[in-house]
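This report walks through one protein chain for a reader who has not seen it before. Please keep the sequence and the structure in view while reading.

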Amino acid sequence: MQEPARADSPETPPPGADEALPAAHAWARRGQALSRLWPTSALLCWLLGWGLLTALQPQGAVLALIGAVLPVAALAWLHERRWRRFMVLGGFVASLLAGPGLALLPAWSWLLPLALLLLMYPRSTWRDAPLFPTPAGALAQAADQIRLPSGARILDAGCGLGAGLRELHRCFPAADLHGIEWSPLLAWLCRLRHPWARVRRGDMWAQSWAPYQVVYLFQRPESMAQAEAKAQSELESGAWLISLDFPLPGTPAILVQPLAGRHSLHVYRF
Ligand SMILES: C[S@@+](CC[C@H](N)C(=O)[O-])C[C@H]1O[C@@H](n2cnc3c(N)ncnc32)[C@H](O)[C@@H]1O
């Protein structure tokens, strides 16, 4: 099967864009350097913020706050991932609210994000993928290649908050959509968001994939050998496996679809 054209092929830059490029590249390089330092970069940003706050105290509280928050916000913005930006800036603001100056929050409030994180990522999922949503439109072109009877069963294995289910629903509106998610909080939220799908909390490795005509995965490279063995032993002949970003190590894909933002889709038929 022919590989479809890249969706993100670069276009001719508009006039004047050339001068902006070196500056943009310099910022991108700084962002990459910070990303390599993660999570130490977050600690360094918070330390810098508190250092500035202390140093600027003699100038007055408002000036000290502005002088501390703005550089931390700028450094947070340099991080490549949106959730990291949020954690750097949000963590600093939370430390200000709970810190000795304002003390608006009780000291134990620092434990709340940790508790939330543990609810989202119970320890046993740490070896599998954390939550990254399937980008909108990621499955559209590949789904054109897959013909399914009405009511075909599709499983999003590790469905998170349901971004993958939403895309599957868009591509296969007549399918019977199922999701399984290990995190109780994410499974509950996904059920709320997508009442049309049957979402349950459980381990995708323990659940049989045999009843499904399509299994959709967005996991980690390390999980793909296990996924391949499970698909080979459980999927019926003719069933499909779609994996976002990570190929099966020993099965040739019938379609590899490059997508925008360094993503790619790998489609297999068993
Ligand atoms: C990269 S996210 C993908 C979420 C969703 N499929 C999407 O595309 O939007 C991976 C999800 O798999 C879940 N997960 C990891 N290991 C799991 C397991 N053994 N059983 C069920 N879910 C699991 C994680 O909690 C996380 O929500």
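What percentage of the 270 residues in the chain is made up of buried residues? Buried residues account for 38% of the 270 residues. The model is predicted, and the values below are computed from it.

**The chain as a whole**

The secondary structure consists of nine helices and seven strands. The accessible surface of the chain is about 15,400 Å², and 64% of that area belongs to carbon and sulfur atoms. Among contacts between residues at least 6 apart in sequence, 59% join residues at least 24 apart.

**Helix α3**

Helix α3 covers residues 61–78. Its 18 residues should span 26 Å at 1.5 Å a residue, and this agrees with the 26 Å between its end C-alpha atoms. Which residues of α3 are buried? They are Ala 64, Ala 68, Val 72, Ala 76 and Leu 78. These residues lie on the same side of α3, because they cover an arc of only 160° around the axis. An α-helix has 3.6 residues a turn, so residues three or four places apart point the same way. On the other side of α3, the exposed residues are Val 62, Leu 70 and Trp 77.

Helix α4 has 17 residues. From its first C-alpha to its last it reaches 24 Å, close to the 24 Å expected at 1.5 Å a residue. Its buried residues are Arg 84, Val 88, Gly 91, Phe 92, Ser 95, Leu 96 and Ala 98.

A search of the whole structure finds two aromatic pairs. Trp 50, at 26%, is partly exposed.

**Arginines over tryptophan rings**

Two arginines are placed over tryptophan rings, as the table shows.

| Arginine | Ring | Distance from ring centre |
|---|---|---|
| Arg 85 | Trp 77 | 4.0 Å |
| Arg 201 | Trp 182 | 4.0 Å |

Arg 85 lies over the face of Trp 77, a residue that is exposed on α3. In the case of Arg 201, the charged end sits over the ring of Trp 182.

**Two loop residues**

Where does Phe 132 lie? Phe 132 is in the loop between α5 (111–120) and α6 (140–143). Its relative accessibility is 34%, so Phe 132 counts as partly exposed. Leaving aside neighbours within four places in sequence, Phe 132 is in contact with Arg 81, Trp 83 and Phe 218. The C-alpha atom of Phe 132 is 8.8 Å from that of Gln 219, although these residues are 87 residues apart along the chain.

Asp 245 is placed in another loop, between β5 (240–244) and β6 (255–258). Is Asp 245 buried or exposed? With a relative accessible area of 17%, Asp 245 is buried, because buried means under 20%. The phi angle of Asp 245 is near 80°, a positive value in a residue other than glycine.

How values were computed:
Residues are numbered from 1 along each chain as its sequence is written. This is a predicted model: local features need pLDDT of at least 70, side-chain atom pairs count only at pLDDT 80 or more; totals for chains, interfaces and linings use all residues. Side-chain values use heavy atoms; hydrogens and water are left out. Rings of Phe, Tyr and Trp (its six-membered ring) pair if their centres lie within 6.5 Å; planes under 30 degrees apart count as stacked, over 60 as edge-to-face and the rest as tilted. Buried means under 20% relative accessible area, exposed over 50%, partly exposed in between (1.4 Å probe, protein chains only). A charge sits over a ring if NZ of Lys or CZ of Arg is within 6 Å of the ring centre and within 35 degrees of the ring normal. Helices (H or I, at least four residues) and strands (E, at least two) are DSSP runs, numbered from the N terminus. Contact means heavy atoms within 4.5 Å. Accessible areas come from the Shrake-Rupley method with a 1.4 Å probe; for residues, only the protein chains shown count as cover. The expected span of a helix is 1.5 Å times one less than its number of residues. The arc is that of the directions from the helix axis to the C-beta atoms.
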